[in-house]
Amino acid sequence: MEHRSSRSLRRWSMVLAALGLLQAGRWLPAFAAGESNVNAASKIGLTAMETPPGAWSAPGVDGNGQPAELMGPEVCQQCHWDRFESYENSPHGLALDRRTPAGRQACETCHGAGGNHVAGGGGRGVGGMRTFDLEKMSVEAINGVCLDCHSRGIVALWHGSMHQSRNLSCVNCHNVHGGHDKLLREPSQPQLCTTCHQQIRAQLLRPSHHPIREGKLVCTDCHNPHGTATERLISATTINDKCYECHAEKRGPFVFEHPPVRENCLNCHQPHGSSHEPLLKLKRPYLCQRCHNTLGHPSVLWARSEEDAAAGRSVYQLPPQLFMRSCTNCHVNIHGSNHPSGKQWHR
Ligand code: HEC
Ligand code: HEC
Ligand code: HEC
Ligand code: HEC
Ligand code: HEC
Ligand code: HEC
Ligand code: HEC
Ligand code: HEC
Ligand code: HEC
Ligand code: HEC
């Protein structure tokens, strides 16, 4: 059974190879017209390109740099209908947009010219097609094809980013054939990112967490995985500026500022998840006691009220510092206050 189908595939291939060569001639003028449009578009700043075409995706050569004819997508479609379909249904297949592969050499923009592949009847290793397989191509070569067009906007700071320096490839996260939204490999960002970042998955499962599991936030609300000027791939000038984007009321300015708040929200909070509500690094009062000594406040677990102590009564109670919201039972406006007597954020 297998034998017969592979033989018939070979025969079918040869017919198509001849067909392909015929079609190549028809296709070339169309490609040439596309190319001149790309150039026109780049003059008015429309193109996504920065590197001149050719650095990685030169027309007229296959993936090994050997001269090869362009076949056109109709030829590839004959044998790779599933790949054709996923490409056609993606933003890369929009021929009206001259910046896309469809506006250039279609499949062959990415895979290299297919003349030798088709003339050889198709097949693995035939005609030097680029596979984008991490076992067969270097990360640099794979990314180079994508970066030929995607060098601005969201991807502008890729070089030198943590993910680039750890040798990640665009295809670790993207699947240009039939990927999900934004051509991602997984249906959702948390699924995608936590395939590698297991410790973040664990944090998201803690009782207090940013509502990422609930779908109200995604990783890229705070991070740009393609690189940022700020540490930890944070897509804002500072961590606090990122937090203010959604928690504007914490920005102030306040008449009475609490210095650690101004300095960095992460002095007290965890960004992903914590066992201490609300997203606190430590349980109160320990959170506060990292910086404040307990002068003026009882510092032991079981204490006598001043009244009981004065009267010599041995009534020991949990002090208010340890109930419920602990220190913030009294120091309620911990992020800062504009109240005339809010110096210690009691109001
Ligand atoms: C934007 C660049 C791009 C375009 C355009 C493109 N591909 Fe691909 N193609 C890829 C990448 C990347 C992969 C690797 C898929 C993966 O990550 O699993 C791939 C995989 C493939 C494979 C499987 C390779 C293997 O090793 O098994 C085939 C076949 C293929 N593409 C054919 C086509 C055809 C036919 C077209 C046009 C209809 C096309 N591609 C258009 C980038 C592209
Ligand atoms: C005559 C049929 C045929 C045509 C036409 C054809 N291919 Fe293929 N191609 C194959 C077969 C068969 C394979 C092996 C795939 C497999 O085993 O899954 C293959 C493999 C590939 C691979 C993986 C190469 C490798 O070395 O592993 C890529 C990429 C590819 N084709 C792209 C294209 C593109 C782009 C075109 C159009 C220019 C094209 N093919 C036209 C039959 C064809
Ligand atoms: C010939 C230029 C070109 C090449 C090569 C190219 N792209 Fe694109 N890509 C585009 C254009 C143009 C768009 C549409 C951009 C837009 O609408 O703003 C696009 C869109 C995308 C999108 C967004 C999809 C969406 O749903 O919004 C992703 C992700 C993407 N490309 C990834 C890749 C990856 C990964 C590669 C390499 C395997 C690649 N591209 C190669 C030109 C290219
Ligand atoms: C670590 C995972 C990861 C890697 C690696 C990665 N991306 Fe992305 N990319 C994403 C995610 C997640 C999004 C969706 C962002 C969003 O929805 O705002 C995205 C979106 C995009 C978009 C669409 C931008 C838009 O305007 O909507 C393009 C284009 C893109 N990536 C290109 C690339 C290229 C090129 C590379 C390789 C140099 C690459 N990506 C590497 C995760 C990644
Ligand atoms: C509300 C904003 C926000 C969201 C949403 C967010 N992060 Fe973060 N993330 C941060 C901040 C802030 C840091 C810096 C932590 C530090 O410096 O200690 C960080 C750090 C990280 C780190 C570095 C390791 C570490 O723990 O310090 C990884 C990895 C990470 N985030 C992955 C993710 C992933 C994956 C998602 C989505 C599931 C995500 N983040 C969602 C704000 C966020
Ligand atoms: C293929 C694996 C992989 C995927 C998928 C991945 N990452 Fe990473 N990421 C890494 C590696 C490796 C590092 C280097 C640090 C480390 O080992 O944790 C890293 C580091 C980070 C850091 C810390 C950067 C710093 O400067 O310390 C953040 C933030 C981050 N990733 C966010 C994301 C987000 C958001 C996604 C999903 C869009 C994602 N990652 C998907 C592998 C991955
Ligand atoms: C993209 C928007 C967004 C950004 C950016 C953001 N948050 Fe949030 N944050 C939310 C949402 C949504 C909630 C849930 C609010 C709710 O359920 O009412 C939340 C809740 C919180 C909570 C309360 C959690 C609880 O259990 O009640 C804290 C604390 C918090 N965020 C701190 C931060 C810090 C610190 C930063 C910066 C590292 C930050 N947020 C950045 C959207 C954001
Ligand atoms: C000195 C420690 C500390 C710092 C620094 C800090 N917070 Fe808080 N935050 C708290 C405490 C304690 C609570 C709980 C307050 C309560 O229970 O009344 C809280 C609660 C929150 C809440 C949820 C309840 C509410 O008030 O909306 C948000 C959101 C929040 N903080 C955001 C931030 C942001 C944004 C920053 C940085 C600008 C920040 N926090 C800096 C200690 C801090
Ligand atoms: C990262 C260190 C840090 C943490 C954690 C911290 N604080 Fe502060 N706090 C400060 C600094 C610094 C000042 C300013 C001291 C000054 O002006 O003398 C301050 C001032 C105060 C003041 C006013 C003191 C005065 O003399 O007016 C109060 C009250 C206070 N903090 C309560 C708290 C509470 C309650 C918590 C826990 C929710 C907390 N702080 C957590 C560093 C911290
Ligand atoms: C029962 C209410 C209450 C609780 C609970 C409380 N405080 Fe206070 N705190 C006050 C009052 C009232 C003052 C003002 C004292 C004064 O001005 O003489 C104060 C003053 C302060 C000051 C200013 C410097 C000082 O010692 O006079 C700091 C710092 C402070 N508290 C930190 C904390 C911390 C940390 C906790 C939790 C361990 C806490 N407070 C719990 C009521 C409280």
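## Around ligand 3

Helix H4 (107-111) and helix H6 (139-149) each give at least two residues to the shell around ligand 3. Helices here are DSSP runs of H or I with at least four residues, strands are runs of E with at least two, and both are numbered from the N terminus. H6 provides the largest share of this shell, 4 residues. In total 21 residues surround ligand 3, and the closest are Arg 99, Cys 146, Cys 149, Cys 170 and His 174. A residue counts as near a molecule or strand if its C-beta atom, placed from the backbone, lies within 6 Å of it.

By type, the shell around ligand 3 splits into 10 nonpolar, 6 polar and 5 charged residues. Nonpolar covers Ala, Val, Leu, Ile, Met, Phe, Trp, Tyr, Cys and Pro; charged covers Asp, Glu, Lys and Arg; the others, Gly among them, are polar.

## Reading the model

This is a predicted model, in which local features need pLDDT of at least 70 and side-chain atom pairs count only at pLDDT 80 or more, while totals for chains, interfaces and linings use all residues. Residues are numbered from 1 along each chain as its sequence is written, and chains are lettered from A and ligands numbered from 1 in the order in which they are written.

The mean pLDDT of the protein (the predictor's confidence in each residue, from 0 to 100) is 82, and 77% of the residues reach 70 or more. Over residues 1-55 the pLDDT is below 50, and this stretch has 62 contacts in the model beyond near neighbours in sequence. Two residues are in contact if their C-beta atoms, placed from the backbone, lie within 7 Å.

## The protein as a whole

The protein contains 14 helices and 4 strands. Of its 347 residues, 22% are buried. A buried residue has 20 or more other C-beta atoms within 10 Å of its own, an exposed one has 12 or fewer, and a partly exposed one falls in between, with C-beta atoms placed from the backbone. Among contacts between residues at least 6 apart in sequence, 59% join residues at least 24 apart.

Let's return to H6. Its buried residues are Ile 142, Asn 143, Val 145, Cys 146, Asp 148 and Cys 149. They pack against H4 and helix H8 (170-173).

The largest nonpolar core has 22 residues, and Met 71, Cys 107, Ile 142 and Cys 170 have the most contacts inside it. Helix H2 (73-79), H4, H6, H8 and H9 each supply at least two residues of this core, with the largest share, 4 residues, coming from H6. Such a core is a set of buried Ala, Val, Leu, Ile, Met, Phe, Trp, Tyr and Cys residues joined through C-beta atoms within 7 Å. Leaving aside neighbours within four places in sequence, Cys 170 is in contact with Ile 142, Asn 143 and Cys 146.

## Around ligand 9

Now to another ligand. Ligand 9 is surrounded by 18 residues, the closest being Pro 260, Cys 288, Cys 291, Cys 327 and Gln 344. Helix H12 (259-263) and helix H13 (286-289) are the elements that give two or more residues to this shell. The shell around ligand 9 divides into 9 nonpolar, 6 polar and 3 charged residues.

## Loops worth a look

Gly 93 sits in the loop between helix H3 (81-88) and H4. Gly 93 is partly exposed, because 19 other C-beta atoms lie within 10 Å. Not counting residues up to four places away in sequence, Gly 93 touches Tyr 87, Glu 88 and Ala 102. The C-alpha atoms of Gly 93 and Cys 107, 14 residues apart along the chain, are 9.2 Å from each other.

Most residues other than glycine have a negative phi, and most peptide bonds are trans. With that in mind, look at the loop between strand E2 (273-274) and H13, where Pro 278 is found. The peptide bond from Glu 277 to Pro 278 is cis, with omega near -25°. Pro 285 has its place in the loop between E2 and H13, and the peptide bond to Pro 285 from Arg 284 is cis, with omega near 5°. Leu 279, found in the loop between E2 and H13, has a positive phi of about 55° although it is not a glycine. Leu 183 also has a positive phi of about 55° without being a glycine, and its place is in the loop between H8 and helix H9 (189-194).
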